[in-house]
Structure formats: structure tokens, C-alpha cells
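Please read them with the structure open.

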Amino acid sequence: MNDIFGLISYLGNWCKNNGVYFCAGPEQYNNIDLDNNIYENFDLILCVAMNMIPKYSEGGLQSVTYQGSLALGRKREMTDEENTESSLDENFMQKYSRRLEDLTGKLNDLLVSLQCEQEAYIDNCTMNYVLNKYDINVDFVNSTVSIRFEV
């Protein structure tokens with residue numbers, strides 16, 4: 001990444017290039033965006049909320065660490081057998097087999113690509129499932145991460 005202050009821009013471009021709907025910023029803004037049905041029904045959604053922690057030494061800027069969340073979600077999907085949709089009527093195993101397992105792998109792929117292609121250090125990562133999020137009931141795999149870039 002050319003600009004270590006540019007993680008949000010990088011993620012926005014990554015989403016654009018991979019057909020993922022991008023929501024950045026505080027949760028209330030994401031709810032408004034997603035509620036307006038801007039994204040396509042079967043699209044992935046990446047929600048990002050990050051704080052930056054620059055580290056300085058006598059020589060100037062040494063590194064920038066981003067702490068916050070990356071959440072990858074999907075409202076509905078089409079399988080060979082049926083079309084399914086995240087709802088309050090699904091049980092956990094239905095959600096898991098229909099979308100959460102796949103979303104976990106895709107979120108992991110994004111983090112690995114940051115390490116390999118952008119020379120990021122993933123200093124900490126905790127993943128959890130967030131079900132029926134926002135007014136439209138999207139299921140997400142959320143990662144609470146600490147991502148560091150050095151100068």
C-alpha cells in the first residue's frame with residue numbers, strides 16, 4: 001500500500017474490484033446505507049470501522065496501526081437447491097451452512113491478501129458471528145482486528 005494512511009481507500013477499491021458493496025464508518029451510517037437497498041440482493045457487504053494509531057520516533061512516522069472491525073456479510077444467496085435469505089426464522093446451523101462458513105473463508109482471504117500483497121501485519125484478530133444485523137437482517141462474520149503498516 002503506497003500510503004499507510006490509506007487502508008480505507010484500499011478496502012474501498014478492493015470491494016469495487018471484487019463486486020463487494022462497501023460500507024465505511026460508524027454503524028448508524030451503515031444502517032442507513034444498507035436500508036436504502038443500494039446493494040444487489042446476492043452481493044457481499046463489507047462494513048469497516050477503524051481507528052488509526054500512528055507511532056512516531058525521533059525520525060518521524062514509524063508505523064500506523066488500524067484497530068477496529070471488518071465485517072463481511074450477505075443477506076441472501078442462491079444455491080443449487082434453493083434461494084435462501086437471512087431471517088429471524090432460521091436456526092444457527094442453517095445460517096452457518098448457508099452463509100457463515102463461506103463468509104468466514106472469504107474474510108480470511110481478505111486478511112491474508114492484506115498480509116501478502118500490502119505487507120500488512122495482522123497483530124490481532126478475533127472473529128465472531130453477528131446475526132440479523134441492521135434493519136435488513138444481514139448475517140455477518142465480524143473480525144475485530146489490529147492491522148499494522150510500517151514505513
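This is a predicted model: local features need pLDDT of at least 70, side-chain atom pairs count only at pLDDT 80 or more; totals for chains, interfaces and linings use all residues.

1. **Fold.** The protein has 3 helices and 7 strands. Along the sequence, the order is α-β-α-β-β-β-β-α-β-β. Of the contacts between residues at least 6 apart in sequence, 63% join residues at least 24 apart.

2. **Burial and surface.** The protein has 151 residues, and 40% of them are buried.

3. **Main core.** The largest nonpolar core contains 25 residues. Leu 46, Leu 70, Leu 114, Ile 147 and Phe 149 have the most contacts inside it. Two or more residues each come from helix 1 (7-18), strand 2 (44-57), strand 3 (60-74), helix 3 and strand 7 (138-150). Helix 3 gives the largest share of this core, with 6 residues. As background, nonpolar side chains in soluble globular proteins tend to be buried together.

4. **Leu 46 in detail.** Which residues does Leu 46 contact, leaving aside neighbours within four places in sequence? The list is Cys 15, Val 20, Tyr 21, Phe 22, Cys 23, Leu 70, Ala 71, Leu 72 and Leu 110. Leu 70 is also among the residues with the most contacts inside the largest core.

5. **Second core.** A separate core of 9 residues is also present. Its members include Cys 23, Ala 71, Tyr 134 and Ile 136. Cys 23 and Ala 71 are also among the contacts of Leu 46.

6. **Nonpolar surface patch.** Phe 92, Met 93, Tyr 129 and Leu 131 form a nonpolar patch on the surface. Together they have about 360 Å² of accessible area. Helix 3 and strand 6 each give two or more residues to the patch. Met 93 is in helix 3. Met 93 counts as exposed because its relative accessibility is 52%, and the cut-off for exposed is over 50%.

7. **Positive phi at Glu 119.** Glu 119 is not a glycine, yet its phi is positive, at about 55°. Where is Glu 119? It lies in the loop between helix 3 (92-118) and strand 6 (121-133). Is Glu 119 buried or exposed? Its relative accessibility is 62%, so Glu 119 counts as exposed.

8. **Positive phi at Asn 132.** Asn 132, also a residue other than glycine, has a positive phi near 55°. Asn 132 lies in strand 6. Please look at the backbone at both positions.

Definitions and conventions:
Residues are numbered from 1 along each chain as its sequence is written. Side-chain values use heavy atoms; hydrogens and water are left out. Helices (H or I, at least four residues) and strands (E, at least two) are DSSP runs, numbered from the N terminus. Buried means under 20% relative accessible area, exposed over 50%, partly exposed in between (1.4 Å probe, protein chains only). Contact means heavy atoms within 4.5 Å. Patches are made of residues with over 30% relative accessible area and no salt bridge: like charges are joined within 9 Å, nonpolar side chains (Val, Leu, Ile, Met, Phe, Trp, Tyr) within 5 Å. Accessible areas come from the Shrake-Rupley method with a 1.4 Å probe; for residues, only the protein chains shown count as cover. A salt bridge is a side-chain nitrogen of Lys or Arg within 4 Å of a carboxyl oxygen of Asp or Glu. A nonpolar core is a set of buried Ala, Val, Leu, Ile, Met, Phe, Trp, Tyr and Cys residues joined through side-chain atoms within 4.5 Å.
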